[in-house]
Amino acid sequence: MSTARDSPAPGSTPAPGSADAGPPGPARSGATVQLALATLGFLVNFWAWALLGPLGPGIKERLDLSFAAQSLLVAVPVVVGSLGRIPVGALTDRYGARVVFPLVTVATIGPVLTLSVVSSYPALIITGFFLGIGGTAFAVGVPLVSGWYPPARRGFAIGVFGVGMGGTAIANFTTVRLADAYGPRAPFLLVAAILAGYAVLSVLLLRDAPQRARPTGSAWRRLRAVGRLTVTWQLCFLYAVGFGGFVAFSVYLPAYLRTAYGLDAADGALRTAGFVVLAVAARPLGGWLSDRLHPVPVLVWCFGGVAAFAVVQAFQPTLVPVATVALLGMAVLLGAASGAVFALVGKVAPADQVGAVTGLVGAAGGLGGFVPPLVMGWVYGSQGSYAIGLMLLSDVALAAAVFTAVRMGRLVARDT
C-alpha cells in the first residue's frame with residue numbers, strides 16, 4: 001500500500017518527514033487563538049452555506065416548484081461547496097490560510113446579499129452556485145490548525161475546529177424565525193454583516209504557523225500528486241461513510257421520523273437538531289481519543305457501533321427509548337468517526353499537502369451525504385419500508401470497520 005510517507009509529492013518543497021513534522025511537544029504560542037479564529041470562520045461560512053436549506057419549503061410553495069426542483073435548489077450550494085474544497089485546499093497549501101480564509105469569506109458575502117433581492121428560480125440557482133463558496137472554508141481551516149499543533153494534540157484540535165459544522169444547525173434554528181419576525185431579507189443581511197466582521201477580524205488576527213511548509217509548482221500538479229497516493233482515496237472512503245452518514249441523517253431524518261413514526265414537522269425538526277448537536281459535540285471527542293489511542297482503533301469501534309445501531313433501527317423499534325437510543329448513538333459515533341478521520345489525515349498526509357488532501361477528503365464527505373437519502377427514498381418508494389436501506393447502511397459501516405482494521409491497521413504498529 002502506498003502512503004503519503006512512501007510517496008513524496010513531486011514539485012513540492014520536502015517537508016521535514018511528514019505531517020508529523022512540527023513541534024513535538026506543546027502547541028506553538030498563539031495556537032489557541034488561531035484555533036478559535038479558524039473555528040469561528042468555519043462556523044460563520046457554514047451558516048451562510050446552509051441558508052437555502054431551511055427556506056426550501058417556502059420557496060417551493062411560493063414558486064410552485066416540484067420536489068425535484070426544490071431538491072436541486074438546496075443541493076447546488078452543497079455540491080459546489082464540497083467539490084470546491086479540492087482547489088481551495090490546494091490554494092491554501094500554496095498561499096496560506098491567512099490569505100485564503102478572508103478571500104473565501106468575502107466571496108461568500110456577495111451571494112448572501114444577492115439572495116436577499118432575487119426571487120426567480122434561475123436566479124436562485126445561479127446565486128446558490130456561488131453560495132457554495134462558503135462550504136469550502138473547511139479545506140482552509142484544517143491545514144491552518146494542523147500547522148499550529150503537534151501530532152500528539154492535532155486530532156483534538158482538528159476535532160474542535162470541526163465544531164464549526166454546527167453553523168448548519170444555526171442556519172436551521174434561525175433562518176425561518178428571522179424571516180418571519182423581521183422580514184424575508186433579515187437572515188441574509190444579518191449573515192452578510194457577520195461574514196464582513198469575520199473577514200476584517202481574520203485579516204487583523206489570523207496567522208499561518210511559523211515555518212509553514214510551502215509547496216512549489218502548480219496547484220494542478222500538486223492535486224495530481226495527492227491523487228496518486230493510495231491513502232488519499234482510502235481516507236476519502238472513510239470520511240464519506242463517517243461525515244457522509246452524518247450529512248445524510250441531518251438531511252433525511254425529519255422525513256424518516258415523519259413517515260416511520262408519524263411525528264409532526266416541529267417535533268421531527270427538534271429531534272433532528274438533537275442528532276446534529278450530539279454529532280458536532282462528538283467530533284472533538286473522536287479527535288481526543290485518536291490522540292490518546294490511535295485513529296485506527298477509534299474508527300473501527302465507531303463504524304462497528306454504527307453498523308450495530310443501524311441493524312437495530314432496521315426493525316423500526318419503538319421511538320422511546322429504543323429508536324431514540326439507536327439514532328442518537330449513531331450521531332455520537334458518526335461525529336467521533338469524522339474527527340478520527342482527520343486525526344488520521346494529520347498522521348499520514350505530507351505537511352506541505354495537508355490542504356490538498358483535506359480538499360479531496362472533505363469533498364468525498366460532502367458528496368457522500370447525498371447518496372444515502374436517495375437510496376432511502378428509492379427503497380421506501382419501492383418497498384414501503386426503510387429496513388433495506390438501514391441494513392445497507394449497516395453493511396457499508398461494517399465494511400468500513402473491517403477495511404480500517406485490515407488495511408489501515410499497520411499504521412498503528414508504525415506509529416507505536
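Analyst: **A helix pair and its setting**

Among contacts in the protein between residues at least 6 apart in sequence, 85% join residues at least 24 apart; a contact here means heavy atoms within 4.5 Å. The model is predicted, so local features need pLDDT of at least 70 and side-chain atom pairs count only at pLDDT 80 or more, while totals for chains, interfaces and linings use all residues. Residues are numbered from 1 along each chain as its sequence is written, and side-chain values use heavy atoms, with hydrogens and water left out.

The protein has 19 helices and zero strands, counted as DSSP runs from the N terminus (helices H or I, at least four residues; strands E, at least two). Of its 416 residues, 54% are buried, meaning under 20% relative accessible area, with exposed set at over 50% and partly exposed in between (1.4 Å probe, protein chains only). Carbon and sulfur atoms account for 71% of an accessible surface of about 16700 Å², computed by the Shrake-Rupley method with a 1.4 Å probe, where for residues only the protein chains shown count as cover.

Axes are lines fitted to C-alpha atoms, for helices over the stretch in contact, with angles from 0 to 180 degrees between N-to-C directions. The contact of α14 with α15 has 23 nonpolar, three polar and one charged residues (nonpolar: Ala, Val, Leu, Ile, Met, Phe, Trp, Tyr, Cys and Pro; charged: Asp, Glu, Lys and Arg; polar: the others, Gly among them).

Gln316 lies in the loop between α14 and α15. Its phi is positive, near 45 degrees, in a residue other than glycine, and Gln316 is partly exposed at a relative accessible area of 41%. Further along, Val320 and Pro321 are joined by a cis peptide bond with omega about 5 degrees, and Pro321 belongs to helix α15. Most residues other than glycine have a negative phi, and most peptide bonds are trans.

The axes of helix α1 (residues 31–49) and helix α10 (residues 186–205) come within 10 Å and cross at roughly 155 degrees, which makes α1 roughly antiparallel to α10. The crossing of α1 and α10 is left-handed. Among the residues that make the contact are Leu37, Gly41 and Val44 of α1 and Ile194, Tyr198 and Leu201 of α10. By class, the contact of α1 with α10 comprises 13 nonpolar, three polar and no charged residues.

Elsewhere, Gly81 sits in helix α3 (residues 67–83) and is buried, with a relative accessible area of 0%. Leaving aside residues up to four places away in sequence, Gly81 touches Trp49, Gly132, Gly135 and Thr136. In helix α4 (residues 85–95), the buried residues include Arg85 and Asp93, and Gly96, which follows α4, has a positive phi near 95 degrees.

Technical notes. Angles under 35 degrees count as roughly parallel, over 145 as roughly antiparallel, 65 to 115 as roughly perpendicular and the rest as oblique. A crossing is left-handed if the near helix is turned anticlockwise from the far one by less than a right angle, and right-handed if clockwise.
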